[in-house]
Amino acid sequence: MCAHVMVAEDDEKQAELIRRSLLSEGHTATVVHDGGAALEAARERRPDLVVLDLMLPVIDGFGVCRALRRDDDIPVLMLTARSTEEDILLGLELGADDYMTKPYSPRELMARIRTVLRRSGRQTAGQRDDPVVRAAGIAVDPVRHTVMCDGSPVDCTPAEYEILLAMVAEPDRVFSRQQLLHRTRGIDRASTERAVDVHIMNLRKKTEADPRRPVRLLTVFGVGYKLSGDRG
């Protein structure tokens, strides 16, 4: 069962761990770090499940869950360091489908996610079982760890793969160098923001007809980079 999961977690390291675990299971993921962004992303992307931390800035997890339940029936799996019975009961009363207390193992979280998705009967948008993420003529398979561009295979380094997967999963989103650098941590801890520029340059050589005049991997001056193009 392949699904699109939104992760609302203000701890960036924890959010990245969850994102990687989801990708390894063949899911796609959108990551946000505050409650306001969570509600906006839920409206725009219509995820199949929300992994929701309670201690979010702007709007806390209880407020997000309350708003989601008012507008939709998206399954919600709550995460929190607070394990009092009152918090658990309140979360469930607001409509959470499951509740996990920190610390937890990634394997247990993925098992809970599978259970909630199975129980809800949700899969990816369009009810696809295909885990491949596609945009702008690029297809990234997070299960087989392969990349295709216009139907031809592309050899990527591990860091290039992580950057490309992030950008293909969210086309037209502008990523800062720091955000893209964060995707490569654990692969090359010595990387710098300058290294991101080199990775993008190399990816352009592999995916652009003319790397000097890119039409896919675009520079957003003063901000970072984005992948320009439609899904599919």
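**Getting to know this structure**

Q: Which residues does Asp141 touch, not counting residues up to four places away in sequence?
A: In this predicted model, Asp141 touches Pro131, Val132, Thr146 and Tyr161. Each is called a contact because heavy atoms lie within 4.5 Å.

Q: Why is Asp141 called buried?
A: The word applies to a residue with under 20% relative accessible area. Asp141 has 5%, so Asp141 is buried. You can find Asp141 in strand S7, which covers residues 138-141.

Q: What makes Leu109 buried?
A: Its relative accessible area is 1%. Since the limit is under 20%, Leu109 counts as buried. Leu109 belongs to helix H5, residues 106-120.

Q: Which residues is Leu109 in contact with, leaving aside its neighbours within four places in sequence?
A: They are Ile18, Leu77, Leu79, Met100 and Tyr104. Take Ile18 as an example: Leu109 and Ile18 are 91 residues apart in sequence, while their C-alpha atoms are 8.4 Å apart in space.

Q: What share of the contacts in the chain with a separation of 6 or more comes from residues 24 or more positions apart?
A: They account for 60% of those contacts. As for burial, 50% of the 232 residues count as buried, and the secondary structure comes to eight helices and 12 strands.

Let us turn to the sheet.

Q: In what order do the five strands of the open sheet lie?
A: The order is S2-S1-S3-S4-S5, with parallel pairing. Strands of a sheet pair through backbone hydrogen bonds, either parallel or antiparallel.

Q: What makes S2 and S5 the edge strands?
A: Strand S2 (28-32) and strand S5 (98-101) each pair on one side only. Across this sheet, neighbouring strands are turned by 20 degrees against each other on average, direction ignored.

Q: How do you know that S1 is joined to S2?
A: Pairing asks for at least two bridges. Five bridges join strand S1 (residues 4-8) to S2, so the two strands pair, and they run parallel. One of the bridge partners is Thr30 in S2, which goes with Met6.

Q: What makes S2 mostly covered?
A: Five of its five residues are buried. In a regular strand the side chains alternate between the two faces of the sheet. Here both faces are covered: Thr28, Thr30 and Val32 are buried on one side, and Ala29 and Val31 on the other.

Q: Which strands does helix H3 lie across?
A: H3 (residues 61-71) lies across S3 and S4, running at about 175 degrees to S4. Its buried residues are Gly61, Phe62, Gly63, Val64, Cys65, Ala67 and Leu68.

Q: How do you know that Asp60 caps the N-terminal end of H3?
A: A side-chain oxygen of Asp60 lies 3.2 Å from the backbone nitrogen of Phe62.

Q: What is the volume of the largest pocket?
A: About 430 Å³. It is lined by 20 residues, of which Val31, Val32, His33, Arg173 and Gln179 are the closest to its centre. H1, S2, helix H2 (35-45) and helix H7 (177-184) each give two or more residues to the lining. H2 gives the most, with five residues.

Q: Which residues line the largest cavity?
A: The lining consists of Arg19, Leu23, Ala29, Val31, Leu165, Ala166, Ala169, Glu170 and Arg183. H1, S2 and helix H6 (158-169) each give two or more of its residues, and the largest share, three residues, comes from H6.

Definitions and conventions: Residues are numbered from 1 along each chain as its sequence is written. This is a predicted model: local features need pLDDT of at least 70, side-chain atom pairs count only at pLDDT 80 or more; totals for chains, interfaces and linings use all residues. Side-chain values use heavy atoms; hydrogens and water are left out. Helices (H or I, at least four residues) and strands (E, at least two) are DSSP runs, numbered from the N terminus. Axes are lines fitted to C-alpha atoms, for helices over the stretch in contact, and angles run from 0 to 180 degrees between N-to-C directions. Buried means under 20% relative accessible area, exposed over 50%, partly exposed in between (1.4 Å probe, protein chains only). A polar contact is a pair of N or O atoms within 3.5 Å; within protein, one must be able to donate a hydrogen and the other to accept it, and residues adjacent in sequence count only if both atoms are side-chain atoms. On a 1 Å grid over the protein atoms alone, a cavity is a set of points where a 1.4 Å probe fits but cannot get out, and a pocket is an open set with protein on both sides within 12 Å along at least five of seven lines; lining residues have an atom within 4 Å of a point. Grid points are joined across faces, edges and corners, and a volume is the space filled by probe spheres set on the points.
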